[in-house]
Amino acid sequence: MRRGIVLGMLLALGGLAAVKAQPPAADAPKVVDVEKVNDRLYVLRGANGGGNVAVFLTANGVVVVDAKNPGWGTPILNKIKELTPKPVTTLINTHTHGDHVSGNVEFPATIDFVAQENTKVNMEKMPIFKEHNGIGLPKRTFKDKMTIGSGADQIDLYYFGRGHTNGDAWIAFPALRVVHSGDIFAGKSVPLIDEANGGSMMEMPATLLKAYNGIKNVDAIINGHTPAQTTWADLKEYADFNKDLVTWMEAELKAGKTPEQVAAAWKVPEKYKGYSSTVSTLMGGMAGRAATLQKEMKK
Ligand SMILES: [Zn+2]
């Protein structure tokens, strides 16, 4: 079986976090940690839980971004009840991965489920949604931009192109000057490129730069997994880091190196202080990133 297919199955089954570490026992306690960003916005984290969840309180109800690993939907909903008596009205997903969407199936089927249109197509292939009769699949999609609500409650959803997958949504809360970037902004580390779900190493730098230039007035970013928020300036640096990485990789590949040789030769450039020299082994590690780029260069 192709690595991409195997990986896609792993992601669909267990989610990134479960693949990264020893999967927690099914009965391991699911403890949701709350970070209060301000009176109307919270970030829900939790060891082994998967991606960071945003909880936005609007006049009419609660809008949630992402829903973590399998079994975490109910703990998320219970935690929200501690924060507010308002009902959950909407769940937005940043992208298709199991550690961001699996909890969807535990949300009330009547709420609004929203995602970028390519992410809906990717999610429809996931076994968990087939097993739950499609509950939690997006009901409403967008292509490039969509706005939900207005005034203090406004949420802007953007898609700027391929990167981590082919459906990475950027979710902006303009009144709060905060964006949830999902996994396309991985913090100070080499990006994860999910080729099986349409990700692109080659287009990653341009996509990041489009986001940086396309969303205005942002102070803080909630990333897919990082323990602390990042800044809009960090996003610019991350776009530069990715551009330099792709430019360097292309030169190495053009010089005849194999993806494995490229991976062995890579070091964090001097100018990117604080960036991790450790590359996740997911998606083939650094050699996998180079192999993806090599395929894209041949197209
Ligand atoms: Zn992801």
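# Questions on a predicted structure

Biologist: Between which two elements is the loop in which E195 is found?

Modeller: The model is a predicted one. Beyond residues up to four places away in sequence, E195 touches T292 and K295. The loop that holds E195 runs between strand 11 (178–182) and helix 7.

Biologist: Is E195 buried, partly exposed or exposed?

Modeller: A residue counts as buried under 20% relative accessible area and as exposed over 50%. E195 has a relative accessibility of 34%, so its class is partly exposed.

Biologist: How far apart in space are E195 and A67?

Modeller: In sequence, E195 and A67 are separated by 128 residues. From C-alpha to C-alpha, the distance between E195 and A67 in space is 23 Å.

Biologist: On the same side or on opposite sides of helix 7 do its buried residues lie?

Modeller: In helix 7 (residues 204–214), the buried residues are M204, P205, T207, L208 and A211. They span an arc of only 165 degrees around the axis, which means that within helix 7 they lie on the same side.

Biologist: Which elements are included in what covers the buried residues of helix 7?

Modeller: The buried residues of helix 7 include M204 and L208. Their cover includes one strand and one helix, namely strand 10 (169–173) and helix 8 (232–254).

Biologist: At roughly what angle do the axes of helix 8 and helix 10 cross?

Modeller: The axes of helix 8 and helix 10 (residues 285–298) come within 10 Å. Angles of 65 to 115 degrees count as roughly perpendicular, and helix 8 and helix 10 are therefore described in that way. Their axes cross at roughly 75 degrees.

Biologist: How do the residues of the contact of helix 8 with helix 10 divide into nonpolar, polar and charged?

Modeller: From helix 8, the residues L245, V246, M249, E250, L253 and K254 take part. They meet M286, R289, A290, L293, Q294 and M297 of helix 10. The residues of this contact divide into eight nonpolar, one polar and three charged.

Biologist: In what order do the seven strands of the open sheet stand?

Modeller: The pairing in this open sheet is mixed. Its edge strands, each pairing on one side only, are strand 1 and strand 7 (140–142). Direction ignored, neighbouring strands are turned by 20 degrees against each other on average. The order of the seven strands is 1-2-3-4-5-6-7.

Biologist: About what angle does the direction of helix 3 make with that of strand 2?

Modeller: Helix 3 (residues 73–83) packs on the sheet. There, helix 3 touches strand 1, strand 2, strand 3, strand 4 (62–65) and strand 5 (88–92). With the direction of strand 2, that of helix 3 makes about 145 degrees.

Biologist: Which residue in strand 3 is the bridge partner of L44?

Modeller: Strand 2 is joined to strand 3 (residues 53–57) by four bridges, and the two run antiparallel. The bridge partner of L44 in strand 3 is V53.

Biologist: Which residues are buried on the two faces of strand 2?

Modeller: In a regular strand, side chains alternate between the two faces of the sheet. Five of the five residues of strand 2 (residues 41–45) are buried, so strand 2 is largely enclosed by the rest of the structure. On one side these are L41, V43 and R45, and on the other Y42 and L44.

Biologist: Which residue in strand 7 stands opposite V114?

Modeller: Three bridges connect strand 6 (residues 112–116) with strand 7, and these strands run parallel. Helix 5 (residues 117–124) lies across both strands, at about 110 degrees to strand 6. The residue of strand 7 opposite V114 is R140.

Biologist: What is the relative accessible area of N104?

Modeller: N104 is placed in the loop between helix 4 (98–101) and strand 6. Leaving aside neighbours within four places in sequence, its contacts include A67, L91, F113 and M123. N104 is buried, and its relative accessible area is 0%.

Biologist: What is the phi of N133, about?

Modeller: Most residues other than glycine have a negative phi. N133 lies in the loop between helix 6 (127–131) and strand 7, and at 74% relative accessibility N133 counts as exposed. Although N133 is not a glycine, its phi is positive, at about 55 degrees.

Conventions
Residues numbered from 1 in each chain as written. Predicted model: local features only at pLDDT ≥ 70, side-chain atom pairs only at ≥ 80, totals over all residues. Heavy atoms only, no water. Buried < 20%, exposed > 50% of the residue type's maximum accessible area, 1.4 Å probe, protein only. Arc of directions from axis to C-beta. Contact = heavy atoms within 4.5 Å. Pairing = 2+ DSSP bridges. Axes fitted to C-alpha atoms, helices over the stretch in contact; angles between N-to-C directions. Parallel < 35°, antiparallel > 145°, perpendicular 65-115°, else oblique. Nonpolar A, V, L, I, M, F, W, Y, C, P; charged D, E, K, R; others polar.
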